[in-house]
Amino acid sequence: MMVLKDILYKVTINAVVGSTSITVSKIEFDSRLIKTNDVFVAISGTITDGHNYIEKAIKDGATAIICEALPEHLQDDITYIEVANSNQAMAFMANNFYGQPSENLKLVGVTGTNGKTTVSSLLYQLFKKAGYKVGLLSTVKIMVDNTMYKATHTTPDSLTINKYLKMMNDEGVEFCFMEVSSHGIHQSRTEGLKFEGGIFTNLSHDHLDYHETFAEYRDVKKKFFDQLPKEAFALSNIDDKNGLFMFQNTLAKKYTYALKNYADFRAQILENEFSGLLLKLNDNELWTRLIGSFNAYNILAIYGTAELLGLEKDEILRLISELENVAGRFQYFISDEKITAIVDYAHTPDALKNVLQTINDIRTKNEELITVVGCGGDRDKTKRPKMAHIASALSTKAIFTSDNPRSEVPETIIEDMEKGVEPQNFKKTLSITNRKQAIKTACQMAGPKDIILIAGKGHENYQEIKGERFDFDDYKIVQDYLKQLQK
């Protein structure tokens, strides 16, 4: 229970009707969860507008309403607060309600198109190995030190973020690593949080169904760095053309990492094999089980962050050599028939290109490289032909299939993909709508020493079709089919 006016600290208020001295039980933005004495925050979402549920929330017991426009009919015993931005208001309110939990630990945000999950998850792993109590807020899972919770969004809503940060406070967590998505920044989910540092990985084509232009997508990412305090650090990949752009208005201390340019944290790839990478990192040699140049960038981000957070250089190098791959990120195994199967979350053109280039750098070219790839429904359609173009150009065979078709017809998504295939690559492609059948076909086509890449879903253990989620695990399915073929 808290007094409403205490929860409203730092919220930009346009108008107040009623008393702010009332005591409230909790904050909710989902009207279905409202109970007696709750505060209901009306948010204009992409699908529904919370302002349409104000009356229902009051009927269910809400005593205070936060909204961007006051209702036409006001009830005498209800407090109405009109704000400029409900998402931003809820972020500050959540932070106050849970006692500013981000100030009681060192919170580091990771943003960029690709690498957010890998960098944040490996930092969690590294600091755990170093003996600290650590938190993680990622696409794959939420960790409150040793306790795991299911993740539903890349960046959860502000109430969920602050709830878990408070749980971390209660567990004595010292460091927390958090994925910060462009949606999360745009919807003010991270407002009011105190960050110790921010990491920029890279920027490429994604989410143009949500952000209308690439420039808007880029500028939203930059906003995260604009909001960092001067005590924080900003660590950026300057091999990416947007790396220095992120620094333009930040007050934070600036640090850089790169493979190609001069930077504070720099690496050179000495060996790149399926067994791992040998790097020269700031004049130190380092062996890691992670694979590919994209992971060399991830390792630089991890090394730089760990050093900026105060760990000893030698200890960081030792701990990086012990790190294991994140689920669904270049996760591979070799069957008894010597077929290599790789499962990767690559669901953007740039990520798919990185993974395929990594495989092509390692393989001898005597093997077949069979890629199974799809694109999600109800998402950015402009990347579909690009994904198919990359898969068909960089593989010896490409099978186009379903990803999460959601409400769309899978065949239509595949037709959009096929438009990106160049004439000389037509013969290398095959379209199979059923993802399980597509994976089975890839396994049947593969011979000893061949490589199968299954891209797009990675760690996801479901497939979403027409509003329903069905059990579906790429890694388990390809394992099962390759075992069956060995019998």
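Tutor: UniProt positions are given here in the numbering used for this chain, feature names are shortened, and annotations may be inferred rather than shown by experiment. The model is predicted, so local features need pLDDT of at least 70 and side-chain atom pairs count only at pLDDT 80 or more, while totals for chains, interfaces and linings use all residues. Residues are numbered from 1 along each chain as its sequence is written, and side-chain values use heavy atoms, with hydrogens and water left out.

Student: Which residues does UniProt list together with Gly112 for "binding site"?
Tutor: The listing comes from an unreviewed UniProt entry.

Student: Where is Thr117 placed, and is Thr117 buried or exposed?
Tutor: Helices (H or I, at least four residues) and strands (E, at least two) are DSSP runs, numbered from the N terminus. Thr117 lies in helix α4, residues 116-129. Buried means under 20% relative accessible area, exposed over 50%, and partly exposed in between, with a 1.4 Å probe and protein chains only. Because its relative accessibility is 5%, Thr117 counts as buried.

Student: Which residues does Thr118 contact beyond its neighbours within four places in sequence?
Tutor: Thr118 is also found in helix α4, and its relative accessibility of 7% makes Thr118 buried. Contact means heavy atoms within 4.5 Å. By that criterion, the partners of Thr118 outside four places in sequence are Asn295, Asn298, Val326 and Arg329.

Student: Where is Arg189 placed, and what is its relative accessible area?
Tutor: For "binding site", the unreviewed UniProt entry lists Arg189 with Ser31, Thr154, Thr155, Ser181 and Gln187. Arg189 is in the loop between α6 and β13 (197-200), and its contacts include Thr155 and His183. Arg189 is buried because its relative accessible area is 12%.

Student: In which loop is Ser181 found?
Tutor: Ser181 is buried, with a relative accessible area of 8%. The loop that holds Ser181 runs between β12 (175-179) and α6 (182-186).

Student: What is the radius of gyration of the chain?
Tutor: The radius is taken over C-alpha atoms, and the globule rule is 2.2 Å times the number of residues to the power 0.38. With 487 residues, a compact globule would have a value near 23 Å, which agrees with that of the chain, 24 Å.
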